[in-house]
Amino acid sequence: MLQFVAATTYDFVAPVDHNSNSSLVLQRRRNPRRPQDFRSGVSNAWRTLTTGIGDTAGDLYNTVTREHEEGGVARTLGEVLRQVPGVVVRPILIASEATRHVLGGVRNQLMPDARKEELAKYRDDT
């Protein structure tokens, strides 16, 4: 729930860039793999952190570069200030998703049947 609220908040406060797929709600749906154990949870968390930080830095760099080429220093500064709310909220979202992966891995390590029950719950056998 916290992750969804953070992702929605990010989508509201982040400036719209139609050339980027920076919607974090959509990015979360692209990686539906659930961790099988603690090791895979940490691996998924690490992948989430590195991808999220890289995407954040890349989006900011691309925006600054594009604005500097198009409008100079004043326009670049304005765009950087416009990016600040999203850059502040995004690490919170990334950390919450990484934590979700680790905790899911710990849960599935301690209770292996929980993962099977969760997968079975969404299957339609009727």
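Begin by selecting Q3, which is buried, with a relative accessible area of 6%; here buried means under 20% relative accessible area, exposed over 50%, and partly exposed in between, computed with a 1.4 Å probe on protein chains only. Before going further, note that this is a predicted model, in which local features need pLDDT of at least 70 and side-chain atom pairs count only at pLDDT 80 or more, while totals for chains, interfaces and linings use all residues. Residues are numbered from 1 along each chain as its sequence is written, and side-chain values use heavy atoms, with hydrogens and water left out.

Staying with Q3, you will find this residue in helix α1, residues 2-13, where helices (H or I, at least four residues) and strands (E, at least two) are DSSP runs numbered from the N terminus.

Next, colour helix α3, residues 38-110. A straight helix of its 73 residues would span 108 Å at 1.5 Å a residue, yet the end C-alpha atoms of α3 span only 9 Å; the expected span is 1.5 Å times one less than the number of residues. What is centred on G71? Centre the view on G71 and you will see a kink of about 140° in α3, the bend at a residue being the angle between axes fitted to the seven residues ending there and the seven starting there.

Now select E67, which also lies in helix α3 and is buried, with a relative accessible area of 7%. Leaving aside residues up to four places away in sequence, E67 touches G72, R75, T76 and E79, a contact meaning heavy atoms within 4.5 Å.

Then move to V88, which is placed in helix α3 but is exposed, with a relative accessible area of 51%. Show L77, L81 and V84 together with V88, as these residues make a nonpolar surface patch of about 370 Å².

Finally, return to the whole protein chain, which has four helices and zero strands and follows the pattern α-α-α-α when read along the sequence. Of its 126 residues, 29% count as buried. Among contacts between residues at least 6 apart in sequence, 70% join residues at least 24 apart.

How values were computed
Patch = residues over 30% accessible without salt bridge, like charges linked within 9 Å, V, L, I, M, F, W, Y side chains within 5 Å. Areas by Shrake-Rupley, 256 points an atom, 1.4 Å probe, with all protein chains shown as cover. Salt bridge = Lys/Arg side-chain N within 4 Å of Asp/Glu carboxyl O.
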